[in-house]
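Trainee: Could you walk me through this one before I start on it?
Mentor: Gladly; have a look first, and then ask away.

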Amino acid sequence: MADKAEIMLEIKGLDISFRSAGEMFHSIRGVNLVLRRGETLAIVGESGSGKSVTMKAAMGILPDNARINAGSILYRPEPGSEPVDLLKASPKWLRDNIRGKSIAMVFQDPMTSLNPTMTIGNQLIAAIRAHEKVSRKEAADRAVTLLEEVGITEPERRMRQYPHEFSGGMRQRIVIAIALSCNPSLLICDEPTTALDVTIQDRILELIVSLQQKRSLSVIYITHNLGVVARVADYVNVMYAGKIIETGTIFDVFYDPRHPYTWGLLSAIPDDASGEELYSIPGTPPVLSKEPAGDAFAPRNPYALEIDFKEEPPMFRVSETHYAATWLLDERAPKVERPKALNDRIEKMKKEAAEYVR
Amino acid sequence: MSDKKEKLLQVENLTMRFGAKGRQNTVIHNVSFDIAEGETFGLVGESGSGKSTIGRCILGLYEPCGGTIRFRGDTLKPGEMRREIQMIFQDPMASLNPRKKVGDIVGAGLDIHKMYKSREERSERIGAMLERVGLSRVQADRYPAQFSGGQRQRVGIARALIMEPQLIVADECIAALDASIQAQIVNLIRQIQRETGTSFLFISHDLSMVRYLSDRIGVLHRGFLLEQGEPGEIFANPVHPYTRNLLASIPSPNPIIQFHPETHYDYETSGIVYENGTWHKTGDSDTHQVLCTNEEYEKWGIGK
């Protein structure tokens, strides 16, 4: 299924540094990523791993202290069109053709992404008219339809209300309506449900999934919640210290993880079988003002080999869809088993899944 | 409830209102629960359900409008603060004074309660406490900005623990931390529980962590405690429609199994009036209880 769709977004060798307090922080250290049309991709990682920065680079909204050292972000706005390198495009072209139009973004906190002094109707109308020459009346009609589409009842009346009159979940629906107002082909959701309660999170995810099917959108989720990834994504990219360290389908990564960092992330989710001690990854993520010697994860990696401290591992192929950057996959590496607790958990998940499907 | 262990904290019919006279909003409705010695009680609920307000009433930061809070059998005066009840805050960045050295932050409680005889004793106790929570003695002379988020939360735990509390109210104390750090802090909390037998009121919206850490769980919605019981009971056999909806909403880290609530729970249309409910025991256990009317008890098929 996946091989047939065309490549919509391809990030190659992206490398970005930030200047802060007189120091350079090398926060993106060679990111490669492929998104095919109609697919859902998730980027997981901890704060500071570079997941948001990668997507901000694609949107052309990096802060002023960022410097792009290398790489390209090829994007095909329309099916079959020539790919454009978004990093080489002019700011004006990006603003007129890409940002908010072909690629739309939904941020974490719906309170800060909406203007508190404007009615939501006016905000929607402004968003529509910023990209298309339509009358106010026509834009208002479209706004009502959009609000209906994202599940807001009595849209005509709600158009006249201000953001503070809505609950957090409703506000996020409005943000999604604004994002959809110019019929984007790619929706980037940056922690879309992190600020919401689980019951509301469930409904917002359900909404995004249904809109995606209806409008044949491609979606990129940036999140730290592995449960959300398992629920919505087709493919996962796990980021650590500015690099993608494991990539695959959700089945590859959840049922057969290969990178010790992914092992740690999956093991740290408590389940009913968790014993006295919850598995935790020791130490803290590196500060990227110094170039890590070898693998950035090595100091926290209980499975680190000698070479991990000297040389960065390349991406090793596990299967056609599944790759991981760990020396453990090298043919010369000693055989290292996943932690038993994680293996047991994976076996249990597979068994439950088999029963569930039946 | 648990008669075997002595009750450390008893909250009875706690009621709390906010707002000016005549336009008052009741945010906590007759909430009752207790925490035994060495027990961890997990309070879960969505934002606005009143879980933090309950924690603050127990700490004496709010004066409750009704009900009593008993600590070791003594009724706490409204707004009374006790050395034996300490708090760990959510945001370790906002809860530490950036201009004070970490050693002085941890030692502030010792200073206030004059809990040492000499400077040496003070710095010895601070140093020992920092080591206890996984930091080093030399870090006492550093400022909060020089610590990572997880380390700052360790400082917050040290500050609470140095008062030798019998009850710690932990309000969303891991919500601001990254996944790999959360597990470290959760393990530290468990280690402290084992070593000191301190009781915890663990307030969180993260159901899987509450389940992992708690001996008993209370589910709060709109200021009402709706259901309480041991984690196994609540997770295996949730009774209240709200609890069922809440549990079904947790995304599972298993890609093939994704449960969804059969129907979305909406209080307004559910026909349930929380005010009318009384506590009912579920069929098989003493600990698992639910707030409902007799009709609802029949309808939800609890007794069977």
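Mentor: By contact I mean heavy atoms within 4.5 Å. This is a predicted model, where local features need pLDDT of at least 70, side-chain atom pairs count only at pLDDT 80 or more, and totals for chains, interfaces and linings use all residues. Residues are numbered from 1 along each chain as its sequence is written, chains are lettered from A and ligands numbered from 1 in the order in which they are written, and side-chain values use heavy atoms, with hydrogens and water left out.

Trainee: Which residues of helix 2 of chain B meet helix 3 of chain B?
Mentor: From helix 2 of chain B they are B:Val102, B:Gly103, B:Asp104, B:Val106, B:Gly107, B:Leu110 and B:Asp111, and they meet residues of helix 3 of chain B including B:Arg122 and B:Met129. Helices are DSSP runs of H or I with at least four residues, strands are runs of E with at least two, and both are numbered from the N terminus.

Trainee: And at what angle do the axes of those two helices in chain B cross?
Mentor: The axes of helix 2 (residues 102-112) and helix 3 (residues 119-132) of chain B cross at roughly 120° and come within 10 Å, with axes fitted to C-alpha atoms over the stretch in contact and angles running from 0 to 180 degrees between N-to-C directions.

Trainee: Switching to chain A, what is the strand order in the open sheet?
Mentor: The order in chain A is 6-7-8-3-9-10-12-11, an open sheet of 8 strands with mixed pairing, where two strands pair if DSSP finds at least two bridges between them. Strand 6 (103-106) and strand 11 (316-317) of chain A stand at the edges with a single partner strand each, so one side of each has no neighbour in the sheet.

Trainee: How many bridges join strand 3 of chain A to strand 8 of chain A?
Mentor: There are 5, and the two strands, residues 40-44 and residues 218-223 of chain A, run parallel; A:Val44 stands opposite A:Thr223 in strand 8 of chain A. Helix 1 (residues 51-59) of chain A packs on the sheet, and its direction makes about 145° with that of strand 8 of chain A.
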